[in-house]
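Keep the structure open as you read.

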Amino acid sequence: AAAPAAAAPAPAAAERPPMSGLPGTPINAPAASLPGLLACGPMTLNMVKVSTATTERSYPAGVAALADIYWSDVSKETTSLVDGPVWCLSAWEKRTGHDQQLLHLELQRSNRRLLVYTEQSDEGRLLPKRARCPACGITVLMESADGFLILFQNPLVSGSPGEAGQVMSSAVENCTLDDADLAHFLSRTLHNMDKYIGNAQDALASARCLGLLQSDEQPLGSPVLTAHHYELIFGVRLTRTAAELAKAHDEVHGAPQGCEKPMGKSVAFIPSANLKADAGKRTSGMDAAACFYASVDEVMTVEPPVLSSTSRRALMLLQHLYRATASGP
């Protein structure tokens, strides 16, 4: 049985236009169009309905005790680990209500220690997937006020000794859902970044759910392991331009004047569907360390690959929505 989650408070800011190039209503995309696609947007937050199970998620006998032991060991090595609620996606359904396509999600509470044990330990991964913690992650694609998608370049250390590289990902990627109130979770996440993105409340007011994806199973030790079974992809439109975002990013992450910028602290811009490819040329006032791509297609095909697994799939979903808009009704 499931009980409706508490209604989210109305956002303080009026609803704002979404990121550019999206269809006006959710599209019916066949699952074959994008591997792992379960539901396709775009949908406002009011079109994503959440209910919560009345009981916490249960696990096979002995798993909770083993998770406690594993947590005691791993939390000593990784002091940043903090136990707390984790919300799992136990069911989802597309429905039609009031002439709108709605996405209904049923969430069930678990905790981080069970997520870490069942998804990130050798013993836990021996459990069947259905017996593990099906946590839901949140990824947010961001578009500047002048129509550029923003990604960040960070160091990636592979599982092989001595091998390291760079990976580009969204500013909000693979965040484990720890609040059944999606609007509150997004608001908190965006406000934590307001020094960089600017007005977080305006960004929230532009939020659209682009889709729900089932995550790929990744082996332990993989640099793209997310520990999530599902990922909700959102898109927001910021009030700052690309140049303003580059400047803010440099102020937050840049090295002292006269020093080389630390590795993994650069920002990349990609013109959205509504901008021409030549819009990717650097504009005045832009940080010289910022990287530009002519299109989403270009960043998707760069060799060696530079995108994180989740950002690649999120951009594939965005491209799918772009094509739906271009093809019309």
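**Cavity and salt bridges**

Two strands, β2 (37–43) and β5 (100–111), each supply at least two residues of the lining of the second largest cavity. This is a predicted model. A search of the whole structure finds 2 cavities of 30 Å³ or more and 8 salt bridges.

**The second largest cavity**

- Its volume is about 90 Å³.
- β2 gives the largest share of the lining, 4 residues.
- The lining has 9 nonpolar, 2 polar and 1 charged residues.
- Among the lining residues are P26, I27, L37, C40, K94 and L103.

- The side chains of E143 and R237 form a salt bridge, at 2.3 Å from N to O.
- E143 lies in strand β6 (residues 136–143) and R237 in strand β11 (residues 230–237), so the pair ties together parts that are 94 residues apart in sequence.
- E143 and R237 are both buried.

- R188 and D178 meet through their side chains in a salt bridge, at 2.6 Å from N to O.
- R188 sits in helix α3 (residues 182–191) and D178 in the loop between β9 (172–176) and α3, so this pair links parts that are 10 residues apart in sequence.
- R188 is partly exposed, at 32% relative accessible area, and D178 is partly exposed at 24%.
- R95 and E93 also form a side-chain salt bridge, at 3.0 Å from N to O.
- R95 has a relative accessible area of 39%, so it counts as partly exposed.
- E93 is partly exposed at 39%.

**A network**

- Salt bridges link D68, D83 and R113 in a network.

Definitions and conventions:
Residues are numbered from 1 along each chain as its sequence is written. This is a predicted model: local features need pLDDT of at least 70, side-chain atom pairs count only at pLDDT 80 or more; totals for chains, interfaces and linings use all residues. Side-chain values use heavy atoms; hydrogens and water are left out. On a 1 Å grid over the protein atoms alone, a cavity is a set of points where a 1.4 Å probe fits but cannot get out, and a pocket is an open set with protein on both sides within 12 Å along at least five of seven lines; lining residues have an atom within 4 Å of a point. Grid points are joined across faces, edges and corners, and a volume is the space filled by probe spheres set on the points. Ala, Val, Leu, Ile, Met, Phe, Trp, Tyr, Cys and Pro count as nonpolar, Asp, Glu, Lys and Arg as charged, and the others, Gly among them, as polar. A salt bridge is a side-chain nitrogen of Lys or Arg within 4 Å of a carboxyl oxygen of Asp or Glu. Buried means under 20% relative accessible area, exposed over 50%, partly exposed in between (1.4 Å probe, protein chains only).
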